[in-house]
Amino acid sequence: MVTPQTNTTLDEIAERLSALDDFAICGHVNPDGDCLGSQLGLYHALTNLGKQVCCLLAKDDPIDVGLRFLPGIENLVPACEYQGRAKVFIGVDVPTIERIGDAASVQASADVRFTVDHHAVDTTMADFTYVDPDAPAASLLIWQLAKKLNAVSQEVAQCCLTGLITDTGRFAYQNTNAESFIGAAEMMQAGANPTIVNREFFQSRSLASVRLEQIVLERMEFYEEGAFVMSYLTKADFDSCKAIKADAEPLIDSLRSIRGVKVALILRETVSGQVRGSLRAKDDDTDVAAVARRFDGGGHKAAAGFTFFGSMNDARCALKQQVVAECFSIKDSQLESDSTQFSSFVDSRDDK
């Protein structure tokens, strides 16, 4: 079901895009597989129609090594380096202007603006907005749009399949639905290869990432009788492991995979006085996005992120209280009595 902010359909968007030219496509800051897959999938679809298209990076940050296999990745341009003025701006997998980073000025100067997304928010940043929060990935919406444009190719399919596989956790997350498998089958019939996604993205971790995981596991703190696990990484950890931001991305799933865990949280110090948080839920009822919104973040019910302004110690204290309050519905005063450290938690496990 589309959001109240949606004022168009994919059919209408396809009709309008067919009549336009000179496009700039951008996703959100810290782009993941769905973001880049959506951008590049639409890029290939429009170029297949002979359109002039530029794909922008919201921030001039390195692209995750595990996603550099995507066809057309070399054509991405940091928005801060973009020259000229695009007539049409399309935001994909991104709901707000704040999340398009350096591309905000490009978006503002465009003649017409579109949004195709699956993040539900209370505002819109486009003239034509299509947001379906029930879609498992924005890349599936882009695939449907490419079909309506009659612009499907192997490149479009590979990009969209990458976004779909990564955003559903290889079809294991709660957002996976029947349409996920239907879309994946169509993409494979068009030439997409899921083996490439699994090999390059899921099975190519760096040594630095493994070293960060060791630190994260050593710092685990368990609350709510083991249902809530939290850990953290400092800038010094990244320096000592010679790690980059992308090396920390797989770690949240390691915490969520622990038996008995309902909510997992990793805090990562980015700069002094600023901490990035990643939240994951395991069951269908827990809404970690509610926690993220308390800190002006967002995301999905089972996966969300935010930025905390303050020290790591302050972040750990504030998030501990907020997660318990939002996800476990108990008073903050009960928090300490329900918490245990990793060692005591492991000792109490039946399968020790």
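Is F228 buried or exposed? In this predicted model, F228 counts as buried, at 0% relative accessibility.

## Aromatic contacts

F228 pairs with the ring of Y223. The two ring centres are 5.6 Å apart and the planes make an angle of 40°, which puts the pair in the tilted class. Y223 is buried as well, with a relative accessible area of 4%.

Y223 and F228 also belong to one aromatic cluster, together with F328.

## Charges over rings

Two arginines are placed over aromatic rings. R170 lies over the face of F202, at 4.0 Å from the ring centre. In the case of R256, the charged end sits over the ring of Y173, and the distance to the ring centre is 4.3 Å.

## Cysteines

The number of disulfides in the structure is 0. For C80, the nearest cysteine sulfur belongs to C26 and is 11 Å away. A disulfide requires two cysteine sulfur atoms within 2.5 Å, so C80 is in no disulfide. C80 is partly exposed, and its relative accessible area is 46%.

C159 is likewise in no disulfide. The nearest cysteine sulfur to that of C159 is the one of C160, at 6.8 Å. C159 has a relative accessible area of 0% and is buried.

Terms used:
Residues are numbered from 1 along each chain as its sequence is written. This is a predicted model: local features need pLDDT of at least 70, side-chain atom pairs count only at pLDDT 80 or more; totals for chains, interfaces and linings use all residues. Side-chain values use heavy atoms; hydrogens and water are left out. Buried means under 20% relative accessible area, exposed over 50%, partly exposed in between (1.4 Å probe, protein chains only). Rings of Phe, Tyr and Trp (its six-membered ring) pair if their centres lie within 6.5 Å; planes under 30 degrees apart count as stacked, over 60 as edge-to-face and the rest as tilted. A charge sits over a ring if NZ of Lys or CZ of Arg is within 6 Å of the ring centre and within 35 degrees of the ring normal.
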